[in-house]
Amino acid sequence: MHNHWGGTLEINGGDSANDEDRNRNVDWDRASISRREYENDNLNATQKSWLLGPPDKKKKKYVDLGCVVCSRSALKWTLLSVLIAFIVIGLPIIIAKSLPKHKDAPTPPDNYTIALHKALLFFNAQKSGKLPKNNGIPWRGDSGLEDGSDQTDLKGGLVGGYYDAGDNTKFHFPMAFAMTMLSWSVIEYEHKYRAIGEYDHVRDLIKWGNDYLLLTFNSSATKIDRIYSQVGGSIVNSTTPDDHYCWTRPEDMDYPRKVQIANSAPELAAEVAASMAAASIVFREDDTYSTKLRLAAKTVFEFARDKGRRTSYSRGNPYIDAYYNSTGYFDEHMWGAAWMYYATGNKTYLDLATQEGLPKNSKAFFMIPDLSVLSWDNKLPAAMLVLTRMRVFLSPGYPYEDMLKNYHNVTGLNMCSYLQKYNVFNFTKGGLIELSHGRTQNLQYVANAAFLATVFADYLNATGAPGWYCGNDFFRISVLKDFATSQLNYILGANPENMSYVVGYGTKFPRQVHHRGASIPNDKTKYSCLGGKRWLDAKTPNPNNITGAMVGGPDRFDNFKDVRGNYSYTEPTLAANAGLVAALVALTTSGGVGVDKNIMFSSVPPMYPPTPPPPPPWKP
């Protein structure tokens, strides 16, 4: 049998004939082996490795840890890594935790928040009636506890509410407007009030005012025929004891306080309805109180809309028309209807707010400069702004779109009128816009304009709009914010007098504020009607600072006279401070930025615009 390489594979072990050959072969093999050994001695290491293969590896040493067996080398590196990690990470943490803890200081509030805290306190100082223990104004006490006690149809009289200004009169028209403004500011900027710790405070102020307004008519009825319009007051140049003739602390009043009743009050009643409707949104989580406000608002708004009762509440009344005379009521009806819709979701109010008659009769589209100025008497710019809110956020479409678009356009033009570039209003050399055309007590209008400008800017920003047009000129949102900021900064001290016109803010502010309670010492001495006038004429600072009060402000030359007897410069008012509070909360960034888009619409049902009517038939 042969293999593939040649030769046999058989073994013949018994053939002696081959012994010699075998011996010769052995000798040859030995020579061959000797030769190979010689050659091996001369091979290099690499060649030897080819022939012999790799050398035996060094045997690893292992450590038995019981449940795990690992090499000594791995164990060594593991322990070394743990040690390094402890030194680099663990040790610093232990040291840091052993040191005394120091919390980072919270971000300090901005100047607007500081001023806002103070501005709200003014309302505490103006409270009438039985004061709560936490009122926070040490020089104030209970007062006006007999107000309205001579009215037989009133249970408990007309106790409560707010005094209007430096006198002791309760004017219900500007009081209601002030409450509406406070509520509006809470609805737009609730998150800010919460963040700066003033949410409960401002709600208490709103409730204090609206609880009183509920007393001014039969709020439990569905139909009324009169409303109480004022408590106290005086006739110009009166020589008998009353709120103007006497200089007396409200706690010491002992003269008769006449109550004014109106059987027709289209503007007053509409403003009271607006106040209660807005407050019902603020208190939406208190269903009982919110419902009470809504039902009362419905009753008093129907009274305002009664076509047989359209004579102004102030006409022919000498106790009112010299102080808070109304120049019209269609603006209040638009304003009231808007708030009634937001409070109830009843579209009949939206129908009213967008019907052609209201803007026509109120001259909303006439572009009269004075009608772009928000005040206790003119609600047009505010009414059109809150209705613009519906268009930009809800887009209700037909049949409201055309009128809402008009309101939106006019609102934009109102903002244009505030810009110095267009010379609609003059500005003082110090930079203050003269919305009162050079007349005194201008700051109340300035604060309102700052609020409107900021709210409009926030609406634009919330919808992603970068700005708005004034004719062919495009302005960014920052222009509105810059205007509002410049005006509030002026009020807070950035003016030629370096004077803060908000009492208690800054180091230089009015010390002789025209205010009876603040100017008379709280020394347990009761000063008579005329005896208190010594404090009116005194040249010394008020013994009591009425913190947060915004005074009337400077004249058109930026000059200010800190004289108690000159009320045009130094008297604060409820409506003015409401505008100040609204502007401050709108501009502060301590509690965030922007408006809350949803709270206003909490009672508004989803809107599905109906199909518009078909076009008229074609005629050849």
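Colleague: Before we start, what counts as a disulfide here?

Modeller: A disulfide is a pair of cysteine sulfur atoms within 2.5 Å. Keep in mind that this is a predicted model. C246 and C529 meet that cut-off, with their sulfur atoms 1.9 Å apart.

Colleague: Nice. Where do C246 and C529 lie?

Modeller: C246 sits in the loop between β4 and β5, and C529 in the loop between α16 (516–519) and α17 (533–536), so the bond ties together parts that are 283 residues apart in sequence.

Colleague: Is that disulfide left-handed or right-handed?

Modeller: The torsion about the S-S bond of C246 and C529 is about -90 degrees, so this disulfide is left-handed.

Colleague: And is C246 buried or exposed? What about C529?

Modeller: C246 is buried, at a relative accessible area of 1%. C529 is buried too, with a relative accessible area of 15%. Buried here means under 20%, so the 15% of C529 still qualifies.

Colleague: How many disulfides does the count come to?

Modeller: The count comes to 2 disulfides. Besides C246 and C529, C416 is joined to C470, with an S to S distance of 1.9 Å.

Colleague: Which elements hold C416 and C470?

Modeller: C416 lies in helix α13 (residues 401–417) and C470 in strand β6 (residues 467–470), so that pair ties together parts 54 residues apart in sequence. The torsion about the S-S bond of C416 and C470 is about -95 degrees, so the disulfide is left-handed. C416 is buried at 6% relative accessibility, and C470 is buried with a relative accessible area of 6%.

Colleague: What pattern do the disulfides follow along the chain?

Modeller: The pattern is 1-4, 2-3, counting the bonded cysteines along the chain.

Colleague: Let's go back to the loop between β4 and β5. What is P250 touching there?

Modeller: P250 is in that loop between β4 and β5. Leaving out residues up to four places away in sequence, P250 touches R140, S143, G144, Y163, N168 and G517. The C-alpha atoms of P250 and R140 are separated by 8.6 Å, and the two residues are 110 residues apart along the chain. P250 is buried, with a relative accessible area of 5%.

Colleague: What about Q260? Which side chain does the side chain of Q260 make a polar contact with?

Modeller: That would be the side chain of N317, at 2.9 Å. Q260 is in strand β5 and is buried, with a relative accessible area of 6%. Setting aside residues up to four places away in sequence, Q260 touches residues including I227, Y228, S229 and Q230, as well as Y319 and I320.

Colleague: Changing topic: how many residues does helix α8 have, and how far does it reach?

Modeller: Helix α8 covers residues 287–305, so to speak, with 19 residues. From first C-alpha to last, α8 reaches 27 Å, close to the 27 Å expected at 1.5 Å a residue.

Colleague: Which residues of α8 are buried, and what do they pack against?

Modeller: The buried residues of α8 include Y289, L293, V300, F301 and F303. The buried residues of α8 pack against α6 (199–213), β4 (227–231), β5 (259–262), α7 (266–282), α9 (330–344) and α10 (347–353).

Colleague: You mentioned α9. What does A343 touch?

Modeller: A343 lies in helix α9 and counts as buried at 3% relative accessibility. Not counting residues up to four places away in sequence, A343 touches A277, S280, I281, R294 and S603. A343 and V604 are 261 residues apart in sequence and 7.6 Å apart in space, C-alpha to C-alpha.

Colleague: Which residues touch the most other members of the largest nonpolar core?

Modeller: Those are W184, W339, Y342, F451 and W468, in a core of 167 residues. Helix α14 (residues 443–462) gives the largest share of this core, with 14 residues.

Colleague: What is W468 in contact with?

Modeller: Leaving aside neighbours within four places in sequence, the contacts of W468 include M415, C416, L419, F456, L460 and F474. C416 is also the cysteine joined to C470.

Colleague: Last one, the whole protein: how many helices and strands?

Modeller: The protein has 19 helices and 7 strands. Of its 620 residues, 50% count as buried. The accessible surface comes to about 31000 Å², and 54% of that belongs to carbon and sulfur atoms. Among contacts with a separation of 6 or more, 73% are between residues 24 or more positions apart.

Conventions
Residues are numbered from 1 along each chain as its sequence is written. This is a predicted model: local features need pLDDT of at least 70, side-chain atom pairs count only at pLDDT 80 or more; totals for chains, interfaces and linings use all residues. Side-chain values use heavy atoms; hydrogens and water are left out. Helices (H or I, at least four residues) and strands (E, at least two) are DSSP runs, numbered from the N terminus. The expected span of a helix is 1.5 Å times one less than its number of residues. Buried means under 20% relative accessible area, exposed over 50%, partly exposed in between (1.4 Å probe, protein chains only). Contact means heavy atoms within 4.5 Å. Accessible areas come from the Shrake-Rupley method with a 1.4 Å probe; for residues, only the protein chains shown count as cover. A nonpolar core is a set of buried Ala, Val, Leu, Ile, Met, Phe, Trp, Tyr and Cys residues joined through side-chain atoms within 4.5 Å. A polar contact is a pair of N or O atoms within 3.5 Å; within protein, one must be able to donate a hydrogen and the other to accept it, and residues adjacent in sequence count only if both atoms are side-chain atoms.
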